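Please read these points with the model open beside them. They are set out residue by residue at the start and move on to the chains and their contacts.

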Number of protein chains: 2
Amino acid sequence: MHDFQQRYQQICQHVRQTQRLAAAAEVLSWDEHTYMPPEAGPYRAEQLQLLAGLVHQRRTDPDWGAQLEELAAWAEEHRPGEPETVNLLRLRRDWRRQKRLPQELVEELAHTTSRAQQVWAESRPRNDWNAFRPWLEKVLKLKRQQAEALGYQQHIYDALLEDYEPGATTAQVRAVLEPLGESLRQLVQRIADSPVKTAPGLLHRHWPRSEQEKLGCFVAEQLGFSFRRGRLDVTAHPFCTRLGPHDVRITTRYDEQFFPSAFFSILHEAGHGLYEQGLPAQEYGLPLGDSVSLGMHESQSRLWENHVGRSLAFWRWCFPKARQHFPQALADVSLEEFHRAVNHVEPSLVRVEADEVTYNLHILVRFELEQELLTGQLAVADLPEAWNARYEHYLGVQVPDVARGVMQDVHWSAGLVGYFPTYSLGNLYAAQLMEAAAREVGPLEEQWSRGEFAPLLEWMRQHVHHHGRRYDPAELIQQATGSPPRAEPLLEYLHGRFGAIYQL
Amino acid sequence: MHDFQQRYQQICQHVRQTQRLAAAAEVLSWDEHTYMPPEAGPYRAEQLQLLAGLVHQRRTDPDWGAQLEELAAWAEEHRPGEPETVNLLRLRRDWRRQKRLPQELVEELAHTTSRAQQVWAESRPRNDWNAFRPWLEKVLKLKRQQAEALGYQQHIYDALLEDYEPGATTAQVRAVLEPLGESLRQLVQRIADSPVKTAPGLLHRHWPRSEQEKLGCFVAEQLGFSFRRGRLDVTAHPFCTRLGPHDVRITTRYDEQFFPSAFFSILHEAGHGLYEQGLPAQEYGLPLGDSVSLGMHESQSRLWENHVGRSLAFWRWCFPKARQHFPQALADVSLEEFHRAVNHVEPSLVRVEADEVTYNLHILVRFELEQELLTGQLAVADLPEAWNARYEHYLGVQVPDVARGVMQDVHWSAGLVGYFPTYSLGNLYAAQLMEAAAREVGPLEEQWSRGEFAPLLEWMRQHVHHHGRRYDPAELIQQATGSPPRAEPLLEYLHGRFGAIYQL
């Protein structure tokens, strides 16, 4: 094919143009969460619906699709493994998937989830489940339609999971997460039985917001997050979004009475941001400029938040700095006490503030419930009760209200059903990647205690970020670590860290 | 025509959909000015180019245009004066104008002005004229192409002016502004010769930013600006933009060493915001939901900033409040001293901080120069010198650098050529409207001194805002005030206020 390059560029030009519109929708969505005035919501939903429709139309354009099919087939045969071929094959997979979705469904989903998120944000502080419930019902009905349109072999949940974790199935994920949950419940019990007690009380002092912001930005920057290509803002639910090749925005929420809330969510979202900032910018909009999966994304955020950010080595470097920002709160606190406090393990209500040991139990609750919601086995009306019962069973806690219960997460209102298990997969991947990085980079903890994070970031850049979406998550983990995805490194890491703290 | 309503709704549906895209571009543009990270600029320009192209395509869609022409012709004959007819005739005027512009030119203008504004914002603080100059040249070249494509009868400048002040011509505007300039220069001279000297020094004290923000928001809200349907943010150059039917955003800049900078720009932009928030929301996107002209818009901002905000009556109410926010700066200042200070007249360098008497002289400089730039009579390379000479002539001041000289305004970088004279027209209209409102509403100043601004706002809502774009500016002024646009009320108002202060 003499005009391969020219035809390839035409395919890409179409994709890049579509991406400009999709990224415009991301700007509108970011603004909706950060700065939009209260009464502007309904119109914003109309705009997001329109843009989603235009994007979907372009992604399923039959003329473009026909050219893509032809070129991808030729490249697969004549240029296997080349970057252009990788892009073409991934685009073909997306196109074949996208065109199963009717235009009206895509638009209705965009509009409904935009409104549902607004209703969620307004009704959560008021503990108003009844205001939110009909919107969740609407979203679930549309997600079921979406799953049916996409198709699946075994479980309706597979259809949605594929969007977030390509190649993974519900059965596979259950086979990993259920035994992991069992091991974690045992570890939680051993920690509860330990004679060593950690004291998180010192974290509930007064932490002025402006100082939290300064320290958070400073640390994010030291980890490698570029504020020339990114921002930090405030939202009800922290997130990371990318608005362009050089525009990665993270958010947090500040609690002046609890230090970890903002600090670790900034580290977490900065981890996502480092991944996005590390993707090849010149391939932005194309598969080679895109992230692998949500699980892989989460591996990057959890790695910086927990493996690095809750390590004793990190605090050897950071604690003196924190003390400058919070001279009062930290006056009578030692490094070791502080480190134990930020690693305090205790079953609790809110996922985003859970410790590392109980975190995956929060995920299990959601993973189970959303499967049941999707199949219809569980009605939305019965969800709060089921949620509370599951929290009692897995975590042994009583849920006092919906704001700290079933309405704590934005995900379902945003249509993100099938998303939660990727958090646990991310924890698995993070532990595997850290194990491999420690083997290859050398004394990581020594580096962190000097504030040197570039060697670890560089390893992630090489082994994860630079590949874009060339591999499926399981392939990438195999390639980067030498093993398929598995739970043992996570359990070893948790037993190592918390065994030391709690003298198990 | 039995299906008139149905066909009308189809026409409107197309327009409303286009507006959703145009408003999305406004969100991107607002973000570019407020929060976008520095390196995100080039991609944002690509997005704005794409959206401008899509909007233009829809506005010049030949099928839609043919339906519009048919329906407008019928409505003009059979339903003169009805709201639907007003919308159709205004849409037809816009459509006939828009379709003269080639798609590529529209896209190139959007892209170039987005980049040029970024370059302006970066190079202005560095006083870097050479970095900005080539971008201004690019913009002017495109504006000339635009003017030629739009067509004109007498002066190329007419073609651009029509976008901002429908129905006005360069010759008409010159005929008003040149004699006004002469009268103002005389008034400036009389003030300079007055034995009464005002002292603006007290305004150069320390005004903590957070207190400026609180007072500014409070006053904007008291005037009637709704923060449930709007916001206030920070930008290099203050502006007001509308992102949806219930989303009006204003911006300011804070100078901790100079009180008027933020305070009066907040009042000014809030005045624009009150107009936007007062337009019929259900007609958003259609002519009856749109503002009349930039001049009319400016009348609303200048009215609240100056007629109200610099009056002694206003400060009778506001001064005690300002004192609570700035106990140190205002400790030894009386109401009367403060009022004289904020009305200090002195020829100066920066338009947005100019007093009311010299303000229109700043406009005259720009109005003359942009005509010469557009015809090519003046080369961009010679612009700083010409600017400085004109400032010396009209205002008697020496321009020390480009940041306070030719690069002080965002307008030209944004492609807003032909825009400046509407500021002076706004001052004319404001004085005429205030004269009429005072006749009809009663003792306005008494109301202001009690913090009552609703009666004046209500008069503006009825006589200006509620009409949307039903009338051309000259028609609306005639209707609201009983006279055509004229300069006398402005001169009377200025002689009244400054005659009292300077005992002329």
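1. B:Q503 sits in the segment that follows α20 (488–502) of chain B; helices here are DSSP runs of H or I with at least four residues, strands are runs of E with at least two, and both are numbered from the N terminus. Although B:Q503 is not a glycine, its phi is positive, at about 50 degrees. B:Q503 counts as exposed because it has 9 C-beta neighbours inside 10 Å. The burial classes rest on other C-beta atoms within 10 Å of a residue's own, with C-beta atoms placed from the backbone: 20 or more is buried, 12 or fewer is exposed, and in between is partly exposed.

2. The model is predicted; local features need pLDDT of at least 70 and side-chain atom pairs count only at pLDDT 80 or more, while totals for chains, interfaces and linings use all residues. Residues are numbered from 1 along each chain as its sequence is written, and chains are lettered from A and ligands numbered from 1 in the order in which they are written.

3. A:N127 also calls for a look at its backbone: phi is positive, about 60 degrees, and the residue is not a glycine. A:N127 belongs to the loop between α5 and α6 of chain A. With 15 other C-beta atoms within 10 Å, A:N127 is partly exposed.

4. Is A:P62 buried or exposed? A:P62 is exposed, since 9 other C-beta atoms lie within 10 Å. A:P62 is part of helix α3 (residues 62–78) of chain A. Between A:P62 and A:E446 there are 56 Å from C-alpha to C-alpha, with a sequence separation of 384 residues.

5. B:G295 is buried, having 26 other C-beta atoms within 10 Å, and is found in helix α11 (residues 294–308) of chain B. Leaving out residues up to four places away in sequence, B:G295 touches B:E165, B:T422, B:L425, B:G426, B:Y429 and B:P473; contact here requires C-beta atoms, placed from the backbone, to lie within 7 Å. The C-alpha atoms of B:G295 and B:E221 are 24 Å apart, and these two residues are 74 apart along the chain.

6. Which residues of the largest nonpolar core touch the most other members? They are A:A24, A:L51, A:A270, B:A24, B:L51 and B:A270, in a core of 251 residues. Such a core is a set of buried Ala, Val, Leu, Ile, Met, Phe, Trp, Tyr and Cys residues joined through C-beta atoms within 7 Å. B:L51 touches A:A24 in the other chain as well as B:L21, B:A24 and B:A25, not counting residues up to four places away in sequence.

7. Chain A has 20 helices and 3 strands. Its C-alpha trace spans about 70 × 55 × 45 Å along the principal axes. For 504 residues a compact globule would have a radius of gyration near 23 Å, and the 23 Å of chain A agrees; the radius is taken over C-alpha atoms, and the rule is 2.2 Å times the number of residues to the power 0.38. Of the 504 residues of chain A, 47% count as buried. Among the chain A contacts between residues at least 6 apart in sequence, 72% join residues at least 24 apart.

8. An automatic or database domain assignment is the origin of the domain bounds. Chain A is divided into domain 1 (4–151) and domain 2 (170–502). The centres of the two domains of chain A, taken over C-alpha atoms, are 26 Å apart. In chain A, 35 residues of domain 1 are in contact with 30 residues of domain 2. On the domain 1 side of that contact, α1 (4–34), α4 (83–98), α5 (103–123) and α6 (129–150) of chain A each supply at least two residues, and α6(A) provides the largest share, 11 residues. By class, this side has 20 nonpolar, 7 polar and 8 charged residues; Ala, Val, Leu, Ile, Met, Phe, Trp, Tyr, Cys and Pro count as nonpolar, Asp, Glu, Lys and Arg as charged, and the others, Gly among them, as polar.

9. The contact between the chains takes 30 residues from chain B and 30 residues from chain A. On the chain B side, the elements giving two or more residues are α1 (4–34), α2 (41–59), β1 (230–234) and β2 (240–244) of chain B. α1(B) gives the most, 8 residues. The chain B side comprises 16 nonpolar, 5 polar and 9 charged residues.

10. The same surface serves both copies, as 100% of the contact residues of chain B recur in chain A.

Conventions
Contact = placed C-beta atoms within 7 Å.
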